[in-house]
2 protein chains.
Amino acid sequence: MEKFVSSREDMYGLASTIIMPESVWAASGHLENFTDPLDGKKFNTMFKSEAGARKGETTNVYLRPELAQGMFVNFKNIVDSFHPNLPFGIAQIGKCFRNEISPRDFLFRVREFNLMEFEYFILEKEWEKHFEYWRKEMWDWIKEIGINKDKVHESEVSKEELAHYSKRTIDFEFDFPFGKKELYGLAYRTDYDLANHKLNYYDEETKKTFIPHVIEPTFGADRTMLAILTGAYAEDELGGEKRVFLKLKPRIAPVKVAVFPLLKNKAKLVEKAREVYKMIKVAIPQLMFDDNGNIGKRYRRQDEIGTPFCVTVDFETLENDTVTVRGRDTGEQQRVGAKELLEYIRERLK
Amino acid sequence: MEKFVSSREDMYGLASTIIMPESVWAASGHLENFTDPLDGKKFNTMFKSEAGARKGETTNVYLRPELAQGMFVNFKNIVDSFHPNLPFGIAQIGKCFRNEISPRDFLFRVREFNLMEFEYFILEKEWEKHFEYWRKEMWDWIKEIGINKDKVHESEVSKEELAHYSKRTIDFEFDFPFGKKELYGLAYRTDYDLANHKLNYYDEETKKTFIPHVIEPTFGADRTMLAILTGAYAEDELGGEKRVFLKLKPRIAPVKVAVFPLLKNKAKLVEKAREVYKMIKVAIPQLMFDDNGNIGKRYRRQDEIGTPFCVTVDFETLENDTVTVRGRDTGEQQRVGAKELLEYIRERLK
C-alpha cells in the first residue's frame, strides 16, 4: 500500500465488489476461458450464486476469481472523478475465490485467497518502457520486504503459452522447499479488457479519444507470506542447544520487541518492566510483554515468531537504569540505558 | 484499527474466511433464524453456493452475513496461540453479504457491505461492568471520528424484541437527513455462541474450565461513512457566492492539503509549488497538487471534498519565501513562511 499507492501520485486505490453479475464475466471472457494471472493456466470454475431471493426472479452472479475486472469496470469512475493524466494506475488488494475441485498443494490450490494487483494505463507506443519500469519495481519490492532474491527467478512465458489477452508475460517464481512455484506475474494486457468493456479515454491535451493499453503487475499475498516464512525459517545451535528461529527482516516482523521482567514474583521488576513497555509502545506498537517461565524459554518463544529484540529488566536496572537488549540472530546481549533504549531499537529496526 | 486493536494489549485482529460451510451456520442458528446485529430484525436469506465442481460431490456453502461466527469458530486458535487472560477480545473488519430481495433505502439494504466488530470475552459476573465500559468506548469513537454526537441516540432494545442470543442490546441510531437509522449496536450475547460451537476456556490460575460470556460492539462501516458525509455537508455564502463544502474533521479528511501554483504557465511558480508539495508529502502523504483553472475554482473543488487547507505559491513567495494558507471553514487566508508551513499545518490537523 505505502510503496505502490500512498507514496505515489499516479495510483488510485480501489475496493470493488466481490459479487459481480454474469455480464461482467461474459465481457471479460471468463465464462469462456479464464486464465490464472499467476499460473497462466486455464482455470476450472468460479463460485456461482443467485442474487434475489424470489423464485424465478433471481440473477446469476459470481464471486470474483481475480481483481482485474473490478478495476476495469470502475475505470470510468476513476477517470471522471480524478481526471488523471496518462500514465496512471488503479490498485486493489482483496479476496478472490476459485471453486477448486480438490484444494491442496499448500496454499496454491485454495478456494479463498488474497491478491494485490494494479492495472497501469499507458500509451500503446510506450508499453516496453513501462513494462521494464514495473519489472524493476517488482524486484525492488521483493528486496524491500525481505524475500531472499536469490530464490526468485524470472520466467518468460513463451508465445505459445501466453494468455489470450497478453502480448508479453513474465512469471516471478520462488524456490519453495517443496519446489518452484509462481509468486508474482507481470503482464502486458494490451487494450484487450477496456475494449471488451467498451471503455476509452479522452486526452485533453491532444483532444483525441483512444483506448489506453495496460501493464498489470500481480502479487499473490498469501504466497508472499509463505515465501517470507519459508525463507526466514532457520535452525542453529545457541548455548549448546539446537534452536529454531525466524530470521525475519525487522521491518516485517509482526512483533518488533518483547519486554520481560527477569522474575515474575518481584513487584519492582514487573513494575519497571511495565514502565519500559509503555514507553516503547507509544513509538512501536508491535510489542509483547511476557513474564511466563524462565528467561531462556521466553527468548526461544520470541525466536520462533521472529521478534528481533528482547528487552529484560533485571536487578541491575533498578540500580543504574540500564536494561539488557538481546538480538535474535546472534543471541548476544548488550546493556543499554533505559533513556537511550528507544533510539537504540529504532536504529536497528530500519 | 488503531484505537481498538493496535493500541490495546487485549485485542486480537483476525481475518476469517468469507465462505463458510453449512455446519457453521447450523450451529450458530443462522439457518433457522438469523437476526441482524444492527437492526435486530429477522433477516431473509444468505447467499448460497456450492463448493467442489464435480456434480454429486459438492457441499453447500454460504457467504457470511455477519462477522461474529468467524470469530467464534477461530476462538480456539487464538486461545491456543496467544494464551490470553480474560478479559480479551477478537476483532475483525470485513465484507458481509445478504441476499436482499430488493436492495434500496440508501445503503441500508445492500447485498455487499462492510462491518467492524469485536467479540469481547469476559466472566459472566462482570458482564454489566464490561457492557458499560464498551458503551463509553463507542461514544468516544463517535466523537473521535467526527460524527456529530448530538445526532446519535441510544435506543434500548426491549425484552420482547431482543435477539434470541441476547440479554441486553443497545442500538446507536443516527439522525440521517432521511430519518433515524441504526448505526451501531452493543449486545451482551451471554455464552450462547461458544456453547453452540462447543467451545470453552481453561483458566490457568483457578484451574477451572468454563464458557466465557461475550460483549459484542458492532459498527456499520459504510453507515459510518454516510453519517460522516451527511453530517459534514454544509452550505454557506463566501465572497458573495453560494458555497457547498464538506466540514470534515481534519483527522478524517481524505485529502489534508492541496498545493497550487498561482498560475499554471509561470514555470518558476510551478517549480516552487512542486518543491512545497514534495516537502509536505514526506510528512503528510494525503496531498493534492492542482494547477487547473483559476484559484477560486480550485478552492471550491477542495471545499467540496473537504480539504482543510489550501496552500498557494504566488509571486510574493518568490520574493520572501512565504505562501498563502487558506482554511476551508472560514475561507480566510494567512501568509506563512515556507519553513514554518509544515509545523503550521500539523498543529491544525490534530
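In which loop of chain A is A:Pro87 found? A:Pro87 is found in the loop between helix 4 (75–82) and strand 5 (88–97) of chain A, where helices (H or I, at least four residues) and strands (E, at least two) are DSSP runs numbered from the N terminus.

This is a predicted model, in which local features need pLDDT of at least 70 and side-chain atom pairs count only at pLDDT 80 or more, while totals for chains, interfaces and linings use all residues. Residues are numbered from 1 along each chain as its sequence is written, chains are lettered from A and ligands numbered from 1 in the order in which they are written, and side-chain values use heavy atoms, with hydrogens and water left out.

View 1. Most residues other than glycine have a negative phi, and most peptide bonds are trans. A:Leu86 and A:Pro87 are joined by a cis peptide bond with omega of about -10 degrees. In chain B, a cis peptide bond joins B:Leu86 and B:Pro87, with omega of about -10 degrees, and B:Pro87 lies in the loop between helix 4 (75–82) and strand 5 (88–97) of that chain. A:Thr190, although not a glycine, has a positive phi of about 55 degrees, and this residue belongs to strand 9 (residues 179–190) of chain A.

**View 2. Helix 8 and helix 11 of chain A.** The axes of helix 8 (residues 267–283) and helix 11 (residues 341–349) of chain A come within 10 Å and cross at roughly 45 degrees, the axes being lines fitted to C-alpha atoms, for helices over the stretch in contact, with angles running from 0 to 180 degrees between N-to-C directions. That makes helix 8 of chain A oblique to helix 11 of chain A, since angles under 35 degrees count as roughly parallel, over 145 as roughly antiparallel, 65 to 115 as roughly perpendicular and the rest as oblique. From helix 8 of chain A, A:Val276, A:Met279, A:Ile280 and A:Ala283 meet A:Leu341, A:Leu342, A:Ile345 and A:Arg346 of helix 11, contact meaning heavy atoms within 4.5 Å.

**View 3. Helix 8 and helix 11 of chain B.** In chain B, the axes of helix 8 (residues 267–283) and helix 11 (residues 341–349) come within 10 Å and cross at roughly 45 degrees, which makes helix 8 of chain B oblique to helix 11 of chain B. Here B:Val276, B:Met279, B:Ile280 and B:Ala283 of helix 8 meet B:Leu341, B:Leu342, B:Ile345 and B:Arg346 of helix 11.

**View 4. The interface of chain A and chain B.** Contacts link 30 residues of chain A with 30 residues of chain B. About 2200 Å² is buried between chain A and chain B, with carbon and sulfur atoms giving 56% of that area; buried area is the accessible area (1.4 Å probe) that two parts lose on being put together, summed over both. In chain A, A:Glu9, A:Ile19 and A:Ile101 lose the most area to chain B, together 20% of what that side buries. The rule finds 2 salt bridges across this interface, a salt bridge being a side-chain nitrogen of Lys or Arg within 4 Å of a carboxyl oxygen of Asp or Glu. A salt bridge joins the side chains of B:Glu9 and A:Arg274 (3.1 Å, N to O).

**View 5. A salt bridge within chain A.** A:Arg168 and A:Glu132 form a salt bridge in which the closest N and O atoms are 3.5 Å apart. This pair links distant parts of the chain, with A:Arg168 in strand 8 (residues 168–176) and A:Glu132 in helix 5 (residues 127–144) of chain A, 36 residues apart.
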